[in-house]
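Dear colleague,

Here is the structure that I promised to hand over, with the sequence alongside. Please look through it first, and then read the notes below with the model open.

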Amino acid sequence: MLLAAVLLTGGVVGPVAAGSAAGPTGPSPSASSLSAVSHAASTDAPASSPGVVQNETDRPEDPSTEDTVGYVEGYWYDDELPVDDRDDAAVDDDELDPVVYRSMARVERIRNMTFADEVDVEVVSRAEYRQNSGDRFANVSEDERLEHNVAYEALFMVDRETAATDATESVYGGAVDGYYDPETDEIVIVSENPDTPELNELTLGHELVHALQDQRFDLSQFEGETNDEEVAMNGLIEGDAAWVERAYESRCGVEWDCLSTSTERSGQLDVNWGIYFSVYQPYSDGPDYVSSLRQQGDGWDAVNAAYDDPPTSTSAVIHPGSEREPADVSVPDRSDDAWRQLEVDGEVANDTVGEAGMVAMFAADALDGQQSVIASGELFTGGEGYEYDHSYTNGWAGDELVVYATDEAASADDPTAAAGDAGYVWRTQWQSAADARQFRDGYLELLDHHGAEAVDGHRDTYVIDDGGYAGVYYFEHDGETLTLVRAPSVDDLSAVEAGAAPEGEDTVELGESDKTETVPGFGAPAAAAAIAVLGAGARLAVGRGRIGSRTQSNRTDDSTRD
């Protein structure tokens, strides 16, 4: 897979209200969602869930960790602890186990399912986390680096002056609040307080859901064949954890005493927003997807059953209940002898971007004060998360992006710079010809923002002369199918894809965009306030050499999952 280097099965601090100058805060559940989660946490008792749900006043005389929901190693979900009375969330070593056991009991109470085993938890400072996590991005081959850069360049997220692996590492290094590692069965909580690390209880709760999922459903089995399928599966996994986290948060300070950290995230985050938006979608849309499952089926039973039949496209998560199965889209090799489809470890460097990835592409510049196809006001609607349902992309049916290279580009010493000498063919399938035109118009607008101009004498061919996205781009629109080809020169277009850039007049034109408005508080000075921190449930894992899939590509190294 081309597109996601790390899988964070973790908590993400949701976007704050526009205009907030303070640091980011956790997602604020709506009134309706608070009511729903409170009711569900008290009444659901799915027959398939291990353990027996107890009423508030009906508790067994001899409870057990194995069989009693809401009770772990001598602690009930509503027990009071000495740490509750403190002004910070610093927890000494001898106090950690009771906090973890009570939090496990609380997760059980909401999720109606018991843990099978204990879970180790460690709290580290962000500096320590950065130091320990850097190696996860180190073991990437030159072919993989070229593949990553071309793929992200196709989405106008990473230009030729930046290594895609560095851009991805910066997102996870600064945006992870915690993660669960299925290989070691350990949770790591990342604290903003470098002197006395604090335990964020909501982050702990989110990560504990991932531990529970792993114990009951075996997270190692959820490995999609494409980036889009991985992110879609993560919509179920992260949606489940985020749903429980919101229910947990709704009870803190009302029914339960919860630990609250004293240190907020400070300073401007140096984040690649395109990559960030592409991996955040499961956290944004996943809870609604889980709510849809619960409403259509039998509460948590329906969610549990979904682990046997997870979603296969991000469209299915963005549009709950739509049952969108991706169309089979292929890109046969039609290049000449000088070009070839790039191979990595014997496999063609290809991937499916999906609806969520396309939205991230069109919104990548929305928070940087630049022109953006999807403007900040359309992306940030003031609710929970971001808006991923847009007219440019919501008719998606399938796609495949394939990287092409010459021998010279594939063997270059600097894969980042060599991305400009490579090319790609991106074939997209849409539900209707009108949907294909919508996407085409959005991509044309994106080209226009980057200074593209029409190439005289060649039909629907455009050139960007300078900058990190310099190259020549060609569109072929045939009904419900839209194919994009990019190469270093006009002559190279037909060398990459036979028949590309034919002589003739344009059938479409670059247009000017007036989408320059921003939501108050957005733009470079306040962009940090909009970030949802990746990591309240992170299954970190640097992937199988491909920048692909959820935030965790390689299931053999789940320490890189978020």
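Ser 278 is buried, with a relative accessible area of 13%, where buried means under 20% relative accessible area, exposed over 50% and partly exposed in between, computed with a 1.4 Å probe and protein chains only. The place of this serine is in helix α8; helices here are DSSP runs of H or I with at least four residues, strands are runs of E with at least two, and both are numbered from the N terminus. Leaving aside neighbours within four places in sequence, Ser 278 is in contact with Val 231 and Ala 360, contact meaning heavy atoms within 4.5 Å.

Before going further, please keep in mind that this is a predicted model, in which local features need pLDDT of at least 70 and side-chain atom pairs count only at pLDDT 80 or more, while totals for chains, interfaces and linings use all residues. Residues are numbered from 1 along each chain as its sequence is written, and side-chain values use heavy atoms, with hydrogens and water left out.

Val 231 belongs to the α7 side of the contact between α7 and α8, and Ser 278 to the α8 side. The axes of α7 (residues 227-251) and α8 (residues 273-296) come within 6 Å and cross at roughly 70°; axes are lines fitted to C-alpha atoms, for helices over the stretch in contact, and angles run from 0 to 180 degrees between N-to-C directions. That makes α7 roughly perpendicular to α8, since angles of 65 to 115 degrees count as roughly perpendicular, under 35 as roughly parallel, over 145 as roughly antiparallel and the rest as oblique. Further residues in this contact include Trp 243 and Arg 246 of α7 and Tyr 283, Tyr 289 and Arg 294 of α8. Ala 360, for its part, is one of the buried residues of α11, a helix spanning residues 354-363 in which 10 of 10 residues are buried.

Arg 294 also lies over the face of Trp 300, at 4.6 Å from the ring centre. A charge sits over a ring if NZ of Lys or CZ of Arg is within 6 Å of the ring centre and within 35 degrees of the ring normal. The charged end of Arg 59 sits over the ring of Trp 76 as well, 4.4 Å from its centre.

Turning to the aromatic residues, a search of the whole structure finds 29 aromatic pairs. Rings of Phe, Tyr and Trp (its six-membered ring) pair if their centres lie within 6.5 Å, and planes under 30 degrees apart count as stacked, over 60 as edge-to-face and the rest as tilted. Phe 217 and Tyr 307 form a stacked pair, with 4.1 Å centre to centre and 5° between the planes. Phe 217 lies in helix α6 (residues 201-217) and Tyr 307 in the loop between α9 (300-306) and α10 (314-318), so the pair ties together parts that are 90 residues apart in sequence. Phe 217 is buried at 15% relative accessibility, and Tyr 307 is buried at 2%. Not counting residues up to four places away in sequence, Phe 217 also touches Arg 111, Met 113, Phe 222 and Asn 304.

A tilted pair is formed by Phe 439 and Tyr 443, at 6.1 Å centre to centre and 45° between the planes. These two residues are 4 apart in helix α15 (residues 433-449), and about one helical turn separates them. Phe 439 has 0% relative accessibility and counts as buried, and Tyr 443 is likewise buried at 0%. Both belong to one aromatic cluster, whose members also include Phe 362, Trp 426, Trp 430 and Tyr 473.

Two backbone positions may be worth a look. Asn 112 has a positive phi of about 55° although it is not a glycine; Asn 112 is found in the loop between α2 (93-111) and β4 (120-125), and counts as buried at 1% relative accessibility. Phi of Asp 345 is near 55°, again a positive value in a residue other than glycine, but Asp 345 is exposed, with a relative accessible area of 66%.

For the chain as a whole, the secondary structure comes to 16 helices and 17 strands, and 61% of the 562 residues count as buried.

With best wishes
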